[in-house]
Amino acid sequence: MDLRLCHLYPDLLNLYGDRGNLLTLAHRAEWRGIGVRIEERRLGDPVRAGDHDLYFIGGGEDRQQRLAAEDLRAVKGPALHEAAGAGAVVLAVCGGYQLLGHYYRPSDGEDLVGVGLLDLTTEHPGPRARRLIGNIVIRSPHLDGATLVGFENHGGRTRLGPRASALGQVVAGFGNNGEDRTEGAVSGTVYGTYLHGPLLPKNPRLADHLITMALRRRHGPVDLAPLDDGMETRAHDAAVVRSGAR
Amino acid sequence: MQLLAAAWALVQSATLGGRPRGDIGVFEADEAALPVVQAALHPHTLVLTNLFRDQLDRYGEIDIVAGRWRSALRALDATTAVVFNADDPLVTEVGRAHPGPRVPFGIEDDACSLGTLEHAADARYCYTCGIPYVYRTVYFGHMGVYRCPRCGTARPTPVVAASDVTQRGIEGSAFRLRSPWGEARVRTALPGVYNIHNVLAAAACTLQRGIPLDAVVRAIESFAPAFGRAERVRVAGREAILLLAKNPAGFNEVLRTMLRGDGQQVALIAINDLTADGRDISWLWDVDFEMLAGRVRRVIVSGLRAEDMALRLKYAGVDPAALELRRDLGAAFDAGTAAANGSPLYVLPTYTAMLQLRAVLQRRGVVRGFWDD
């Protein structure tokens, strides 16, 4: 059994320890004897639906996000839609999450048109609005109500359309927009979130959930062997305490 | 706050009659406060050292901080000299726009090259084009000799440079200091490539102000590490070396410095997430802790985010049996010196963890308060 991961724009969107997410996916698969291959796709590189089981997109600053947005839509978009439709997992964090929606509207300048894999829009309320920054804890119905921990840092406010469900409800922190208590978005096998920290090391349940979905595409239903998650759990619980949620 | 601090520094160094002692005032300004501080002080010289993302969650994005620097420079007197780090593309982009005197400094020694760009590299995008620079040489983080493949914007040739660099691990380094005001071989007790940049910044600033080369060299060679920057502490015959670690590039340098020592090392890593440390600790995943795998005998983790640090080391391939978590910094220090058993203990704290540890050691009478330094 093998897992094929694709890191999109590793040189542009890599702001918040994002490679920790790939390290976590790779190690947790390898610790179970599953072979892992990680490939990178940068500006101008095409992707082919069927080549990868999971695509990861991280966060970046405005300039780099604008460059990635054009490429994502024009070069990689059609293949990503086809891949996601066939069960490949897409995970996007922060800036990458915004690009999965319909558009990102900055406080000045033109809209960034998103790739439309998630039914959501993001708007920046202007330079005087405060950034949503801090520790965050959410509770996710996609993981039987388990908590997810992370750190968020975004100016844009994201609102979900009817065809996306929230990844979770905010327990502590701001979430998608600081108002409706939703955080992140899920549609089929496409996942987006503002949680970095990075996201997956301290949330091993989500990591395993994504690995299971990614493997299903070519290997059918898979039961992952349990791992010793003592350190992961301690770090998760410490982050919950640090956020003031408990 | 920063203006108050600058004013207080003036008051503290003034005579009873209200006249400042000395001829030259040196003011360290917080990166975000630079516009206000420089407008109040009208400096002869402005020194821009580097820009890392350890303050990212306070200001949002590095580009926002760089934007404040750009506006500060537009308001500078045309006679003010700007001394800036040519090896840092973001700082250079700000400094080269100054119409007055410019003094770029940098390292001119390919032997210092890491080979490839680290994960810790922050500000490596061309300001004009937004695409990543191509590096001929990487010194650490995003510091190096770079060029934009699209518009050709490239690192300027340093006016004050370090060449023929010899790195001696924790003992510091030696290099040839080259400038239009003369050349000399210098030794510094400050370890790591980042400190070569610091020494060059000080040398460039003073040389262009007309201070003679021999006085500059004497000052460099007599300057001792202080306040957690490779500071050595002896406790009951056991040695500890304090190496402040506050961003990924600096942390990598500190790890490389530590690993230049013989044998397997013992380290205490203390991670806090208070405002002065940066509340977002995701940067730990951009540090190449993988280089520790198989090369440390024991690592004690401590601080408010000790669990995060332990988890990072697990994924870096450090043997979990070599890891020990001690929340209390004093107990962690004792466990570290005991495990080191005669060899030096490397203490790698974030900023506030270092202050806390120094307070512990001070109560034990081992170090002086930092205000005495």
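**A chat about chains A and B**

Student: Where does A:Arg181 lie?
Tutor: A:Arg181 is in the loop between β11 (168-172) and β12 of chain A. Strands here are DSSP runs of E with at least two residues, helices are runs of H or I with at least four, and both are numbered from the N terminus.

Student: Before I go on, what kind of model is this?
Tutor: This is a predicted model, where local features need pLDDT of at least 70 and side-chain atom pairs count only at pLDDT 80 or more, while totals for chains, interfaces and linings use all residues. Residues are numbered from 1 along each chain as its sequence is written, and chains are lettered from A and ligands numbered from 1 in the order in which they are written.

Student: Back to A:Arg181, what is its phi?
Tutor: A:Arg181 has a positive phi of about 65°, although it is not a glycine. A:Arg181 is partly exposed, with 16 other C-beta atoms within 10 Å. The cut-offs are 20 or more other C-beta atoms within 10 Å for buried, 12 or fewer for exposed, and partly exposed in between, with C-beta atoms placed from the backbone.

Student: And A:Thr182, is that buried or exposed?
Tutor: A:Thr182 counts as buried because it has 21 C-beta neighbours inside 10 Å. A:Thr182 sits in strand β12 (residues 182-183) of chain A.

Student: Which residues is A:Thr182 in contact with, leaving aside its neighbours within four places in sequence?
Tutor: A:Leu160, A:Ala166, A:Gln169, A:Gly175 and A:Asn176. Contact means that the C-beta atoms of two residues, placed from the backbone, lie within 7 Å. A:Thr158 is 24 residues away from A:Thr182 along the chain, with 9.4 Å between their C-alpha atoms.

Student: What about A:Tyr9, where is that?
Tutor: A:Tyr9 is in the loop between β1 (2-8) and α1 of chain A. A:Tyr9 has a positive phi of about 55° without being a glycine, and A:Tyr9 is buried, with 27 other C-beta atoms within 10 Å.

Student: Which peptide bond is cis, with omega near -15°?
Tutor: The one from A:Gly197 to A:Pro198. A:Pro198 is in the loop between β14 (190-193) and α4 (204-219) of chain A.

Student: New topic: how many residues does the contact take from chain A and chain B?
Tutor: 30 residues come from chain A and 24 from chain B. On the side of chain A that touches chain B, α5(A) supplies the largest share, with 6 residues.

Student: What classes of residue are on that side of chain A?
Tutor: There are 10 nonpolar, 10 polar and 10 charged residues on the side of chain A that touches chain B. Ala, Val, Leu, Ile, Met, Phe, Trp, Tyr, Cys and Pro count as nonpolar, Asp, Glu, Lys and Arg as charged, and the others, Gly among them, as polar.

Student: What does α9(B) pack against?
Tutor: The buried residues of α9(B) pack against α5 of chain A, together with β11 (265-270), β12 (296-302) and β13 (323-325) of chain B. 9 of the 10 residues of α9 (residues 306-315) are buried, so this helix is largely enclosed by the rest of the structure. After α9(B) comes B:Gly317, with a positive phi near 90°.

Student: How many residues of α6(B) are buried?
Tutor: 15 of its 16 residues, so α6(B) too is largely enclosed by the rest of the structure. B:Gly210 follows α6(B) and has a positive phi, near 95°.

Student: At what angle do α10 and α11 of chain B pack?
Tutor: Helix α10 (residues 329-340) and helix α11 (residues 351-363) of chain B pack at about 80°, with their axes 9 Å apart. That makes α10(B) roughly perpendicular to α11(B). Axes are lines fitted to C-alpha atoms, for helices over the stretch in contact, and angles run from 0 to 180 degrees between N-to-C directions. Roughly perpendicular covers 65 to 115 degrees, with under 35 roughly parallel, over 145 roughly antiparallel and the rest oblique.

Student: Which residues meet there?
Tutor: B:Leu329, B:Gly330 and B:Phe333 in α10(B) meet B:Ala353, B:Gln356, B:Leu357 and B:Val360 in α11(B). They divide into 5 nonpolar, 2 polar and no charged.

Student: Last one: how many helices and strands does chain B have?
Tutor: Chain B has 11 helices and 14 strands, and 46% of its 373 residues count as buried.
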